[in-house]
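Hi,

Here is the structure I promised to pass on. Have a look at it first, and my notes follow below.

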Amino acid sequence: MNCKTLQKRAVTMEHCCGLITGDKVPVPLKNISVALSIEEFVADVSVALNYENEEEVPVEASFVFPMDEDSAVYSFEALVDDKKIVAELQEKTQAHSSYKNAISQGHQAYLLEEDDYSRDVFSCNIGNLLPGAKVGVTLRYVQELPLETDGALRYVLPAILNPRYQLSEQSENSCLNIQTPMVPSGDLPYTLSMVATITSQHGIERVQSNCSLSPIQYLADDKTSAQISLAEGHKFDRDLELLIYYSEVHSPSVAVEMGMQGMKPDSLMGAPSAMVSFYPDIPEVKSSKACGEFVFLMDRSGSMESPMNNQKNSQLRIEAAKETLLLLLKSLPMGCYFNIYGFGSTYEKFFPESVKYTQETMDEAVGRVKDLEADLGGTEILKPLRKIYKAHSIPGHPLQLFVFTDGEVSDTFTVINEVQLNSKKHRCFSFGIGEGASTSLIKGIARVSGGTAEFITGKDRIQTKALGSLKFALNCSMDDFSLSWDLPPGLLVTMLSPEQTVIFRGQRLIMYAQLTGTMPEVECSGEVCLKYTLQGRSLENRVAFPLQPKTNASFAIHRLAAKSLIQTKDLGSHETSKSAKEDILNISIQSGVLSSFTAFIAINKELNQPVQGPLTHRDIPRPVTYTSPCAYKVKTRHKPPVCAKVDVIPFGFICSSPSRRNVESLREMKKSPSSTKKPNLKNDHKGFGENVFVQLVSLQKANGSWELHEDFAKILGTNLEDIMAANPAKDGDPSAWATVLAVLWLHANGKDLKCEWELLERKAVAWLHAHAGSFIPMLVQAANNILKLPVTPAVFGL
């Protein structure tokens, strides 16, 4: 039973009962219950889906849902009449055959599989659900939690799964193309509940969420254990995000986990496994010279016309993207090379080939950025990627690629494979915009190229995360990694993680290893040393750890190690070599971790009598997020897009109508003048160029300086004559005076957004030291007086 077969099913029903969609189709899924256990930075998650068939005929229910691509799904079971049926992990074709045979023989069957074309999409099928029957299915997975720049650990329970653009005929078989039903906003087909238990030896400071939570309940006096839950009445209309703050997250550690009893002692699951985490204390070292080719690949598909989030007055994605490109352009160093591509169903580029960063090329690029629209149709990223890779390399300027997309491509593995094939000549920094962005695509292209992946959801700003990644790209990274182990005699180490190529300042490094041989009977310890180089300097970090493996019922470390191995080899059914497929099957079956080539299958043969008669098929509705006039469409180049307004409703179920009121009202919002007196740098609903911060940045020159003129004076809230009169160095370069004023204004009015203008300020200060020198203290004092500011001269390195 594959997704293509499911798509062909016709759903017909004359009499409806129970929960129904807007098309009067009953929904057998009643509720979702999540039990989340977080220990340090590993999440162990149990998701229970409870079904009830209130129809008068047997039903087959299909539920397509998203999950983070780093999730290692290791268990699937069904509870029928208080009897637990544990699923078996089989080769996928065999599992499909078993499911189909069981259904045809009238048995109840349960199938869980990963999509063939993307690691972050799953489908769950329940066959032969009898009239009146209640069934609970539970899947379990473990996942490493990513570390945010502010020290928070981030857990996301995805709710949003958007339509994705088909790059080839093959991906038409994807589960993403099942046409799920829609419901009116008042009818909730099912509910969500969640309880999370959090444990850390360092103490839990706080937990934040984009959804309403119950007050945090500490389970220990030292705050090393706590519990939170979703507030009652939660509507799953967005991705559920938790940000967990520990008292300390940058301590290196090694955790050793006992292997499975009964398994071969030297096997993947039988031998003890170790998880090694390092937070290298890398000093901020700037490159000695400005070099690099920076190519920005920006999504301009119709979905970029959507708001960044579902908050009131949220900025449109395309407007945020334009501001981001402006900040990136202004922050580039003189002497580098750059280009900008926009992509949709087709692609456009600013220059025939990457150009040297000068005042002239920057001005031309900024002018074109202002005119960008989300007008290029679908999301076909492969062609511009190949065009970028085919371009001649510029000697001494390694390629740094920045990809911005809402991630709606169904042929994910094809794109990842293309990036991997060219990984030796570039790094890719990827950004997933909005809820529903493919974690498989965004994380995959960054991982195979040695870059970083960021996701912009809720109140996150693309601008902030993009400039943070540019900072990574401009600063020196550490390389030439090696791990050395000091262990008792008779104990050997085999690394399970892929070889690391690069790590940036502020990043966490996680590796997995297998310990084989004789484990000491008495208490003793081991030591692991991470060695690396930074600008030719040899550095190292050491951590000692006890050699007494701990038991874990989920075998979380073993399963995460297996997932790490699978990710390095698994590129889907059409991109994976035959030998790699055999390795993946072996790892997947041995570890019990789901892959592209395996599926969980469970069959209940103990019905009083086999199900008779035809089987009615039901697809469970899934959420999308768009409010764009052309957002919810069949994203395929083989069919014309269907344009419609899509309203976000609880759990994202959608209703379609031809109205464009939402989008037009957003555009009207952009045109309305601000009534605030103080500059508001976070006035997100403003259009491009209407924000005073953006206006000031737009005036900066490529070399980092500002010029003195009337438009500049207006932004500062004064007039040109007063500014010129207050200049204490009238014989000097007026640009020095203007540049000091601009930097002080940023510090006074843009503290919350410093990470977005930090690089362009760095350029400004460097220019000042080269052109104003000893005049800087005098200029700073005079600028503080005229702007009535208390900014310290230390910001200029004085």
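Let me start with Phe 338: its relative accessibility is 0%, so this residue counts as buried. Keep in mind that this is a predicted model.

Phe 338 also has a ring partner. Together with Phe 351 it forms an edge-to-face aromatic pair, with 5.6 Å from centre to centre and 85 degrees between the planes. Phe 338 sits in strand E19 (residues 337–343), while Phe 351 is in the loop between strand E20 (347–349) and strand E21 (355–356), so the pair ties together parts that are 13 residues apart in sequence. Phe 351 counts as buried too, because its relative accessibility is 6%.

That is one of eleven aromatic pairs in the structure. Another one joins Phe 65 and Phe 122: the ring centres are 6.0 Å apart and the planes are at 20 degrees, so this pair is stacked. The cut-off behind that word is planes under 30 degrees apart. Phe 65 belongs to strand E3 (residues 59–66) and Phe 122 to strand E8 (residues 121–129), so here the parts tied together are 57 residues apart in sequence.

Two arginines lie over aromatic faces. Arg 206 is over the face of Tyr 245, 3.7 Å from the ring centre. Arg 508 is placed over the face of Phe 41, and there the distance to the ring centre is 4.8 Å.

Now for the helices. Helix H9 (residues 556–569) packs with helix H11 (residues 578–591) at an angle of about 165 degrees, and their axes are 10 Å apart. Angles over 145 degrees count as roughly antiparallel, and H9 and H11 are therefore roughly antiparallel to each other. The crossing of H9 past H11 is left-handed.

Which residues make the contact? On the H9 side they are Arg 559, Ala 562, Leu 565, Ile 566 and Lys 569. H11 brings in Ala 580, Asp 583, Ile 584, Ile 587, Ser 588 and Ser 591.

That's what I have for now.

Cheers

Note on methods
Residues numbered from 1 in each chain as written. Predicted model: local features only at pLDDT ≥ 70, side-chain atom pairs only at ≥ 80, totals over all residues. Heavy atoms only, no water. Phe/Tyr/Trp six-rings, centres within 6.5 Å; stacked < 30°, edge-to-face > 60°. Helix = DSSP H or I, 4+ residues; strand = E, 2+ residues; numbered from the N terminus. Buried < 20%, exposed > 50% of the residue type's maximum accessible area, 1.4 Å probe, protein only. Lys NZ or Arg CZ within 6 Å of the ring centre and 35° of its normal. Axes fitted to C-alpha atoms, helices over the stretch in contact; angles between N-to-C directions. Parallel < 35°, antiparallel > 145°, perpendicular 65-115°, else oblique. Left-handed = near helix turned anticlockwise from the far one by under 90°. Contact = heavy atoms within 4.5 Å.
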